Amino acid sequence: MVIYGSIVTTLLFYGEIVDNDLWNAKFANAITGEDVETDKWVVFQYLVTTHYYLGRVLLLMVVASIPLLGFLGFHCYITARGMTTNEYYKWKKVRRIHGTYKMNYDRAVKEGKVVLSKVSSSGTDNGKEHSEKSESSTTGKVNDDVKVVGLDVPSKSSNIPTTSTADEESDDEEEEIIDPGPFPRNIYDNGIIENMKEVIYPRSLRQDAIKRYKDWYKAEKKIRTKQD
């Protein structure tokens with residue numbers, strides 16, 4: 001409505017310019033009385049002064065149109081991507097977390113903290129792939145085909161006493177390296193055209209959905225009749 005109002009008000013001002021031939025009119029300075037050369041700024045000042053309240057309404061509608069256009073564009077975007085506003089912010093969070101894990105994992109691989117194990121297949125496992133766990137003096141977490149290598153620590157048979165604190169446990173959690181894999185796909189994103197159809201013509205209004213509802217209603221009615 002504000003966009004429509006802005007266009008209509010602008011056309012009203014334009015009609016004023018054409019009807020009064022303001023581009024060829026002569027204007028005078030209200031203080032000095034001298035003639036002023038006609039230009040766009042002079043015509044604008046004349047219109048705003050003559051139609052003060054209408055000019056304020058036009059300014060208000062133009063300013064209000066800017067955020068509303070952004071709001072409309074945002075909703076067209078999330079509709080085309082098959083998301084709601086809530087889902088958009090959740091996917092945004094997932095993208096940020098995935099990017100962080102991916103960056104940490106790539107840096108760990110580059111620095112040699114993560115060793116990619118050779119993957120072999122076993123006939124007893126029906127051809128399923130599994131990772132080879134190497135036995136060494138280093139410790140780390142094995143996740144599928146990725147082995148995270150840490151620092152050397154004393155073995156269980158060592159007589160050197162070890163202590164565990166909350167700070168050390170938190171450091172271990174922070175140093176955990178996880179391969180996030182490829183970015184997950186939104187299963188509800190069926191393409192721009194299909195996503196727009198979902199809004200214009202929802203699935204609940206389609207014939208197959210209506211038929212399922214009618215069948216359910218008839219079955220539910222029969223059950224209630226038998227119970228009575």
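**Exercise 1. Find what joins the side chains of Glu220 and Arg224, and say where the two residues sit.**

*Solution.* Start with the side chains: Glu220 and Arg224 form a salt bridge at 3.8 Å, N to O. The term stands for a side-chain nitrogen of Lys or Arg within 4 Å of a carboxyl oxygen of Asp or Glu. Next, look at the helix: Glu220 and Arg224 are four residues apart in helix α7, so about one helical turn separates them. Helices (H or I, at least four residues) and strands (E, at least two) are DSSP runs, numbered from the N terminus.

A word on the model: it is predicted, local features need pLDDT of at least 70, side-chain atom pairs count only at pLDDT 80 or more, and totals for chains, interfaces and linings use all residues. Residues are numbered from 1 along each chain as its sequence is written, and side-chain values use heavy atoms, with hydrogens and water left out.

**Exercise 2. Work out how Asp208 and Arg212 are placed in helix α7.**

*Solution.* First, locate them: both belong to α7 (residues 207-227), four residues apart, about one turn of the helix. Finally, Asp208 is partly exposed at 47%, and Arg212 is exposed at 54%. A search of the whole structure finds six salt bridges.

**Exercise 3. List the residues of the largest nonpolar core and name the element that gives the most to it.**

*Solution.* Begin with the term: a nonpolar core is a set of buried Ala, Val, Leu, Ile, Met, Phe, Trp, Tyr and Cys residues joined through side-chain atoms within 4.5 Å. The largest one has eight residues: Phe13, Ile17, Leu22, Phe27, Val42, Val43, Leu47 and Leu58. Now sort by element: α1 (2-19) and α2 (40-50) are the ones giving two or more residues. Of the elements, α2 gives the most, with three residues. To finish, take Val42: leaving aside residues up to four places away in sequence, Val42 touches Phe27, Val36 and Glu37, where contact means heavy atoms within 4.5 Å.

How values were computed
Buried < 20%, exposed > 50% of the residue type's maximum accessible area, 1.4 Å probe, protein only.
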